[in-house]
Amino acid sequence: MNDTPEKNGLAARLLAGQPAALARAISIIEGEGEAVTRLLKSIQPNLGRAVVVGFTGPPGAGKSTLVNAFIAEMRGRGKTVAVAAVDPSSPITGGAVLGDRIRMAEHTMDSGVYIRSLASRGHLGGLSASAARVADLMDAAGYDVVVLETVGAGQSEVEMAEMADVRIVISAPGLGDDVQAIKAGILEIADILVVNKDDLPLANRTVRQLQSMLALRAPSDWKVPVLSTNAVERTGLPELADAIESKAALRTIKGARAALSSRTRRLLAQTAAKHVEDLILRDQNPTAEAIITALQQADIDLRTATSKILKHMHESLPDE
Amino acid sequence: MTEVLNMPARVLVTKIGLDGHDRGSRIIAAYLRDAGMEVIYTNPWQKIDAVVALAMEEDVDVIGISSLATDHLLVPKLMKALAEAELGHVRVVVGGIVPDEDEADLLAAGVSEVFHPGAMREEIVSSVEGFAAEATNARPQD
Amino acid sequence: MNKIDKPVSLDASADEWQRNYDKMIGQDRTIKNRSGIEVKPLYWPQEDTDGSYGDKVGFPGSDPMTRGIYPTMHRGRTWSQRQLIGLGRPADFNERIKSILKSGASALSIIPCNSVYRGLDCDEVEPEILGTCGTILNTVDDMDVSLKDIPIGELSIGLNDPNPFTMLAQMLIVAENRGIGWDKITGTSNQSDYISHFVANHMFYRLSLPGARRVQMDTIAYLAEHVPNWNALSIVGQHMQQAGATPAQAMGLTLSTAIQYANDCIERGMDPDVFLERFTFFFDISISFFEEVAKFRAGRRIWNNLVVERFGVTNPRAKRFKFHAQTSGLDLTRQQPLNNIARVTAQAMAGIFGGLQSMHTDGYDEVLSTPSPDSAKIAISTQNILKHEAHLCDVADPLGGSYYVEELTDAMEAEILKVIAQVDAQGGMYKAVENGFVQQMIGASALEYQDQVDNGEQIIVGVNAYQEVEDASARPVLKRPPPEHMQDQVKHLKKVKAARDPDALAKGLQDLRDAARSDDINVFGAELDAVRAGATLSEIVEVLRDELGFGMPLVVA
């Protein structure tokens, strides 16, 4: 692979908005190495234009159908849309059947829409690193709106949703412990809460539950709205799109580059934290074990232990 | 870090034309998934241009067309459309009820293999894996 | 079950059965086998040792119907031989159906081209695939040509005609034009079960789930009033079993679907004692011989009890579990295809012993291509051989009372009831397909069976055992309609379309649109008017898709 930003090179074709180049770049970006770094570097000047919207929520909430309706709404507003839809991989084989785009079939032939299915496993550096890069590539290819769709079941999906500028958490009535299911971890990151399938009984109750849970959140400059939608009947979509645009407008006031650097910031924080976690929780590294024992026996305090761990971390990492 | 990830094969499993029986395509999708591949699965009745668009957007290595009626007669058109879209490296396999006479036509049109009822899991999986590797090698260099 | 301690005599029940038998059989004949032994129409135990025989088995034509829905069963009236036929142009079909009727078929079925299933007229379809699987039926004119010289008022007619039932509308207009009263029209809408199309055979699925439900309910109501001898509803277990459901699951899901439709009818104010008389079922017969026999016997018993418990049915005719069945093409192999004749024979026997009312036997070449005329003839002969040479019809429920078959029937009943309970827990069949529950169940079973074949646990002759070097010459020669036939048909449609009165057509389609929009106008009535005004299949389906939603099945990978 040779990714010099020369004319007709992959990066040039990507920046010219050719979907085939975007498709290829997304496959390449999953790996690591010189080519990837070069590709990422050559698109840097063109980043920060797209609004990255994350859609997540428990299985059965109707995410794909809602994303489908959202695409139609944004197309109606004259925006182009790129979607990265993540389906879980088999924990045993790593294989996956990616079927999210079945619900988005009406947009297949629309040149203003690009949809890419991704499997949740097999991403070097984690799913959120891949998602952030895929979003960058879609942004560089010139799409106005980039959608990251995940099943909000696990930690990595929550982390992926964090890569978005506007984070939408979807629930639906009748998912059993639905509200409980989204409470853990994911509610905190939501910018907009959506109760989909609002024709079902108990929809109002789900809305009220979410509103009361939000009341516990610390006040900020963005008041998280709870919206009702029906993705099949296509109701509530203008309100959802308006809310997304309002939230994105806040971002624009601060500047697109600020949003971009905040994505980088979150990604770096997640990745660094993961390294520390691996060292302490999984690696059984002798030095780390010694520090843990010392802390346990109160030979050293927490502050000292932390600094020792980070120092060891620093020494053990290879120089780039 | 200079690790290179061994990317799983990406396969589009779909149906063109008019028929809607999907037992075969579901089983094939599960076979390929269980062999560690990433399968993009669609509704039936895909138009030729939609299959081309899907193959392009999803950057697949192999397209599997399931045909139980006579929809495989459209596959030569698909082969032509793929070539025109500069997706000539993508391998196409057909599975289902395909009469002998038609099989010859499909192979002549560039289809890599035709699987008939009774084809076994291992045979299908290893063929598709092989075709995916071929597709990777045949890709235009970026 | 009211178990009893001492044996009871079955004489009273047997007498009752004999009376009903005599009444129904008309003139019975004495049947002797080759050894000169007289063959009775029914065999049963001398006494019911614990009450279980009366509870669970009983006599044919009486509760709990395990042994069949009529006292005479096949000795009185054998099943209808209903071969599915459809090829190319309406005139080709007409020629073929006449020869099939001559060879002994007693009922007529019409299979349209796959393009018809998708709601497309022939001028909208890729020419390569046009007319390769069935007949093109886009207009009243097409239907008229298909049924030329066929006495449609005298034959039972099966239409493979999915919602919104354009073929039925065309046929009713043909009857009207020929001066045949609609009360003379008998038969069944074979592909009326939109739920099964949503789940499994998506090819038939044209309108959105709620839209299909609306049209179906309107059609049932309309036909009950105007075409009283037509079975508007055939509940199809076949698609689910073909898609991978086990025989027990397929039966359970079919009965759950019937429960759903019955509840829908009741909600519309219809009387179960009336509308259930017109419910019919359509099943797959796999080669798992005893399992299939037990499936049918158990399904019949469950339905018989269920309609009383759930719907309070008192009319005995409304309890009858009438079913058509088709031998399963899935069991047929491409390898050594003539072996398929033996497979179809075993499948057909299971269906006969299961007590079916109507049967289609597959051509042995179905797995190679669209069946050839020769293979269709062998398929019909298979039924005649079983009937006349093998004497399978002399005795009602000949396997009844077998330790194996009775225990298996009970076990299948328990499995089937389990499936029905699972669907109930989802809120009924409509909900259980809408949320993908049923699709998941079927997909898992399909994979499990395929695994058994792959690992050799299930032997398939010529496929994973007893393989032989293939002799391709044993395969029938493929025949497709010549391309110019299809070009003619497209030209003909253009001519028919051009000859219509544009104002009447526009009004017909607008009225159909208005009916779909309103809650009070019967859509099928409006559809008949539109067909009368010359509207084509595609024009009708388009209007309804526009108003009631396109039918995209829930595909579960």
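Me: What radius of gyration would a compact globule of 142 residues have, and what does chain B have?
Reply: Happy to start there, keeping in mind that this is a predicted model. A compact globule with 142 residues would have a radius of gyration near 14 Å. Along its principal axes the C-alpha trace of chain B spans about 50 × 30 × 25 Å. The radius of gyration of chain B agrees with the globule figure, at 14 Å.

Me: Which pattern does chain B follow along the sequence?
Reply: Chain B has 5 helices and 5 strands. Read along the sequence, the pattern of chain B is β-α-β-α-β-α-β-α-β-α.

Me: What percentage of the residues in chain B are buried?
Reply: A residue counts as buried if 20 or more other C-beta atoms lie within 10 Å of its own. Among contacts in chain B between residues at least 6 apart in sequence, 75% join residues at least 24 apart. Of the 142 residues in chain B, the buried share is 61%.

Me: In strand β2 of chain B, which residues point the other way from B:E38 and B:I40?
Reply: In a regular strand the side chains alternate between the two faces of the sheet. Strand β2 covers residues 38-41 of chain B, and all of these are buried. B:E38 and B:I40 point one way, and the other way point B:V39 and B:Y41.

Me: Which residue of β2(B) is the bridge partner of B:V11?
Reply: Strand β1 of chain B, residues 10-14, runs parallel to β2(B), and 4 bridges join them. Within β2(B), the partner of B:V11 is B:V39.

Me: In what order do the 7 strands of the open sheet in chain A lie?
Reply: Strands of a sheet pair through backbone hydrogen bonds, either parallel or antiparallel. In this open sheet of chain A the pairing is parallel. The edge strands are β4 (113-119) and β8 (226-228), each pairing on one side only. The order of the 7 strands is β4-β2-β5-β1-β6-β7-β8.

Me: In β4(A), which residue is the bridge partner of A:A82?
Reply: Strand β2 of chain A (residues 81-87) runs parallel to β4(A), with 7 bridges joining the two. For A:A82, the partner in β4(A) is A:Y114.

Me: Which helix of chain A packs on the sheet, touching β1, β2, β5 and β6?
Reply: The strands touched include β1 (51-57), β5 (145-151) and β6 (166-171) of chain A. The direction of the helix makes about 165° with that of β5(A). The helix is α6 of chain A, residues 155-162.

Me: Which element of chain A has the lowest mean pLDDT?
Reply: Chain A averages a pLDDT of 84, and 88% of the residues score at least 70. Helix α4 (residues 63-76) has the highest mean among the elements of chain A, at 96. Where pLDDT is low, the predicted coordinates should not be read in detail. The lowest mean, 56, belongs to helix α7 (residues 178-183) of chain A.

Me: What is the radius of gyration of chain C?
Reply: Chain C has 22 helices and 12 strands. The globule rule gives 24 Å for 557 residues, and chain C is close to that figure, so it is as compact as a globular protein of that length. The radius of gyration of chain C is 24 Å.

Me: Which element gives the largest share of the side of chain C that touches chain B?
Reply: In this contact, 34 residues of chain C meet 29 residues of chain B. The elements that give two or more residues to this side of chain C are α5 (114-117), α10 (238-243) and α18 (437-454). The largest share, 5 residues, comes from α18(C).

Terms used
Residues numbered from 1 in each chain as written. Chains lettered and ligands numbered in written order. Predicted model: local features only at pLDDT ≥ 70, side-chain atom pairs only at ≥ 80, totals over all residues. Pairing = 2+ DSSP bridges. Contact = placed C-beta atoms within 7 Å. Axes fitted to C-alpha atoms, helices over the stretch in contact; angles between N-to-C directions. Rg over C-alpha atoms; globule rule 2.2 N^0.38 Å. Buried ≥ 20, exposed ≤ 12 C-beta atoms within 10 Å, placed from the backbone. pLDDT = per-residue confidence, 0-100.
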